[in-house]
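Please find below a colleague's note on this model, arranged as numbered points.

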There are 2 protein chains.
Amino acid sequence: MSTARTTDLTSKEHLRLWLRLLGTTRRVEAVLRERLRTEFDTTLPRFDVLAALSRHPGGLKMNELSSQLKVSNGNVTGIISRLVEDGWVERIAIAEDRRATRIKLTETGKAQFNRMAAAHECWVDELFSNLSADAAHHMNELLAHLPLASGEPQ
Amino acid sequence: MSTARTTDLTSKEHLRLWLRLLGTTRRVEAVLRERLRTEFDTTLPRFDVLAALSRHPGGLKMNELSSQLKVSNGNVTGIISRLVEDGWVERIAIAEDRRATRIKLTETGKAQFNRMAAAHECWVDELFSNLSADAAHHMNELLAHLPLASGEPQ
DNA sequence: CGAATTTATTTCAAGCTTAAAACTTCATGC
DNA sequence: GCATGAAGTTTTAAGCTTGAAATAAATTCG
């Protein structure tokens, strides 16, 4: 309320960029969701969870999962419960802390994820195919410098 | 399906960019959702619907709304129903076609949206504040050239 | 030790989201 | 007229998502 942060022109340019960013992201997500559904009979949130677990072979606690994925705790509970039912993931008791459990991919889960991850990379590459490696890298750098954008904090 | 579209290096760069894009978008959305909730007691989907209606003073049919917002028909039905209950929006019968209705902002809805839109632009400007107008414009151009990124079909 | 607080997770209610099925109305062709 | 199909919308079932409340276990500290 007190002060505008930038000129009005810059502000409009920021808004335009945000709407473009949002639109692009939604379109890509829609394609990925559709393909995950038709080709692997699964969903994007499930894929995201599997991807996070895949990056951590030792497993992750529920709160680690939800902070990595930037979603709420309760949300992850439901997704994990369904993945456990499907046998793609397992909850492993932690001896030193009976409140928490460690979530790990099962062998089935690993195999499924590997198949999906290969296809996923291929789809993304196709969707961004008319962006050169340099342009992609450049855009990545710009986004990385937004204070809120970096993936690193945690 | 037959061939990789790019080199493996470019493919990795595309994937990196996509993950960055997704992360940035989610962070911005999280901030906007939180602020809409605490300061205006509403949600992002509702705001999106109001914004679309605001751009079309003559009103929009349900299928126009859902195609503009890139969400399913059934989805819009629910959001509109709740907005109608709140008196922010009204369904107006179309004489020539009894299947469809025209959705319009009420005066209350317009007033509410105007307050929110001003704050929204301010928040976005703040979130992107360390991006110059030129950089924002440049990134916008790059995104606009993705075949899937513009407002066009596929 | 025992009370108070913090940490890890689940449950809950409400709303969002999708795809598919159902329903109603309109348009077309016979 | 009337069947047939298309168009516009709503309903449904299942899953995703959130914030808040509830539960339970660990930690802190008087």
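1. The model is a predicted one, which should be kept in mind when reading each distance below.

2. The size of an interface is often given as the accessible area lost when the parts come together. For chain B and chain A the buried area is about 5,900 Å², and carbon and sulfur atoms give 61% of that area. Polar terms are present as well, with 20 residue pairs in polar contact between chain B and chain A, both residues of a pair being at pLDDT 80 or more.

3. Side chains of opposite charge can pair when their charged atoms come close. How many salt bridges are there between chain B and chain A? The count is six, while over all chains it comes to 18 salt bridges. One salt bridge links A:Glu121 with B:Lys12, where the closest N and O atoms are 3.0 Å apart. Another is formed by the side chains of A:Lys12 and B:Glu121, with an N to O distance of 3.0 Å. Since A:Lys12 lies in helix H1 of chain A and B:Glu121 in helix H5 of chain B, this pair joins two chains.

4. Turning to DNA strand C, 26 residues surround it, and the closest are A:Asn63, A:Asn73, A:Arg99, B:Ser72 and B:Arg82. Of the atoms of DNA strand C within 4 Å of the protein, 82% belong to sugar or phosphate, and the rest belong to bases. At the bases, an N or O atom in the side chain of B:Arg99 is 3.5 Å from a base oxygen of DNA strand C.

5. Which elements give two or more residues to the surface near DNA strand C? They are helix H1 (8-40), helix H3 (62-69) and H4 of chain A, together with helix H2 (44-54) and H4 of chain B. H4(B) gives the most, with four residues. By residue class, the surface near DNA strand C divides into five nonpolar, nine polar and twelve charged residues.

6. DNA strand D likewise has 26 residues around it, of which A:Ser72, A:Arg82, B:Asn63, B:Asn73 and B:Arg91 come nearest. Sugar or phosphate accounts for 82% of the atoms of DNA strand D within 4 Å of the protein, and bases for the rest. Here the backbone of chain A is involved, with a polar backbone atom of A:Ser72 at 2.8 Å from a phosphate oxygen and a polar backbone atom of A:Arg98 at 2.9 Å from a phosphate oxygen. An N or O atom in the side chain of B:Arg99 is 3.0 Å from a base nitrogen of DNA strand D.

7. The surface near DNA strand D receives at least two residues from each of helix H2 (44-54) and helix H4 (73-85) of chain A, and of helix H1 (8-40), helix H3 (62-69) and helix H4 (73-85) of chain B. H4(A) supplies the largest share, four residues. The residues of this surface divide into five nonpolar, nine polar and twelve charged.

8. Finally, the sheets. In chain A, three strands form an open antiparallel sheet in the order S1-S3-S2, with strand S1 (60-61) and strand S2 (89-93) as the edge strands, each pairing on one side only. S1(A) and strand S3 (residues 101-105) of chain A pair over two bridges, and A:Leu60 stands opposite A:Ile103 in S3(A). In chain B, three strands also form an open antiparallel sheet in the order S1-S3-S2. S2(B) and strand S3 (residues 101-105) of chain B pair over five bridges in the antiparallel sense, and the bridge partner of B:Ile92 in S3(B) is B:Arg102.

Note on methods: Residues are numbered from 1 along each chain as its sequence is written. Chains are lettered from A and ligands numbered from 1 in the order in which they are written. This is a predicted model: local features need pLDDT of at least 70, side-chain atom pairs count only at pLDDT 80 or more; totals for chains, interfaces and linings use all residues. Side-chain values use heavy atoms; hydrogens and water are left out. A residue is near a molecule or strand if one of its heavy atoms lies within 4 Å of it. A polar contact is a pair of N or O atoms within 3.5 Å; within protein, one must be able to donate a hydrogen and the other to accept it, and residues adjacent in sequence count only if both atoms are side-chain atoms. Ala, Val, Leu, Ile, Met, Phe, Trp, Tyr, Cys and Pro count as nonpolar, Asp, Glu, Lys and Arg as charged, and the others, Gly among them, as polar. Buried area is the accessible area (1.4 Å probe) that two parts lose on being put together, summed over both. A salt bridge is a side-chain nitrogen of Lys or Arg within 4 Å of a carboxyl oxygen of Asp or Glu. Two strands pair if DSSP finds at least two bridges between them.
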